[in-house]
Amino acid sequence: YSSPVKLPSALFDRYSYPFGHRDPQDMSRLAQPSSDAPTPTGLEPGPGRSHSRRWIGSLFRVGVSVALVVWVCRRIDTAAFARQFAAQSPTWLAAAAFATALQIVIAALRWRQVLLGLGVAVSSASVLSVTYIASFFNSWLLGTMVGDVARAIIAPAGERGRAVVVHSVVLDRVMSFAGLGLVIAPLAII
């Protein structure tokens, strides 16, 4: 394949190509990085390094979560909240909780079908867990896009790679908007 557009090589001078392959049009013959390159000292994974890093990362995430919950709770007028909560019907609260949980399960099943269609074999429990986490981010942070980003980041990529998971999240979002459009379209005609 030869590109009909010839780009000036001055645009690509700052990039380093392997010896003999300075043509910016021919990117297919770039050399793969050598696995024989020495690892800098201090960066070799030690026997306890990955375990301690996981603990530190987990403690940091829990600390940030607790700090954010405390910050939000300090800003709530508890007396007004208690009055509002006591005035609600327990039946309607239970119905709302059930409908929300059912919606999250259906969203997880839809997303799992998209993942399976793209060749990513992920367990239903894993998909449901990631969907619940994304729902938390959708509810408590800056809109639904944060939940989508969370799904794309924390979903297990498997053998297919992170790009396929990101594509599945985008496809799932497009499908949900298309489904919403199909439901609303008859109402627009009226």
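The model is predicted, so local features need pLDDT of at least 70 and side-chain atom pairs count only at pLDDT 80 or more, while totals for chains, interfaces and linings use all residues. Residues are numbered from 1 along each chain as its sequence is written, and side-chain values use heavy atoms, with hydrogens and water left out.

**Helix 6**

Let's start with the helix itself; helices here are DSSP runs (H or I, at least four residues), numbered from the N terminus. Helix 6 covers residues 162-189, and its 28 residues should span 40 Å at 1.5 Å a residue, which agrees with the 41 Å between its end C-alpha atoms. The expected span is 1.5 Å times one less than the number of residues. At Val183 there is a kink of about 30°, shortly before Pro186; the bend is the angle between axes fitted to the seven residues ending there and the seven starting there.

Val164, Val165, Ser168, Val169, Asp172 and Arg173 are the buried residues of this helix. Buried means under 20% relative accessible area, exposed over 50%, and partly exposed in between (1.4 Å probe, protein chains only). These buried residues pack against helix 3 (90-117) and helix 5 (144-154).

**The charged network**

The structure holds 4 salt bridges, each a side-chain nitrogen of Lys or Arg within 4 Å of a carboxyl oxygen of Asp or Glu.

| Pair | Closest N to O |
|---|---|
| Arg110 and Asp172 | 2.6 Å |
| Arg151 and Asp148 | 3.0 Å |

Salt bridges that share partners join Arg110, Asp148, Arg151, Asp172 and Arg173 into one network. Asp172 is buried at 2% relative accessible area, as are Asp148 at 6% and Arg151 at 7%. Arg110, in contrast, is partly exposed at 30%. Within helix 5, Arg151 and Asp148 are 3 residues apart, which is about one helical turn.

**The nonpolar side**

Arg151 also touches Trp111, Val130, Ala134, Val165 and Val169, among others, not counting residues up to four places away in sequence; contact means heavy atoms within 4.5 Å. Trp111 in turn touches residues including Val127, Ala155, Val165 and Asp172, with that sequence limit again applied.

The largest nonpolar core has 13 residues, and Trp111, Leu115, Val120, Val122, Val127, Ala155 and Val165 touch the most other members. Helix 3, helix 4 (124-140) and helix 6 each supply at least two residues of this core. Such a core is a set of buried Ala, Val, Leu, Ile, Met, Phe, Trp, Tyr and Cys residues joined through side-chain atoms within 4.5 Å.
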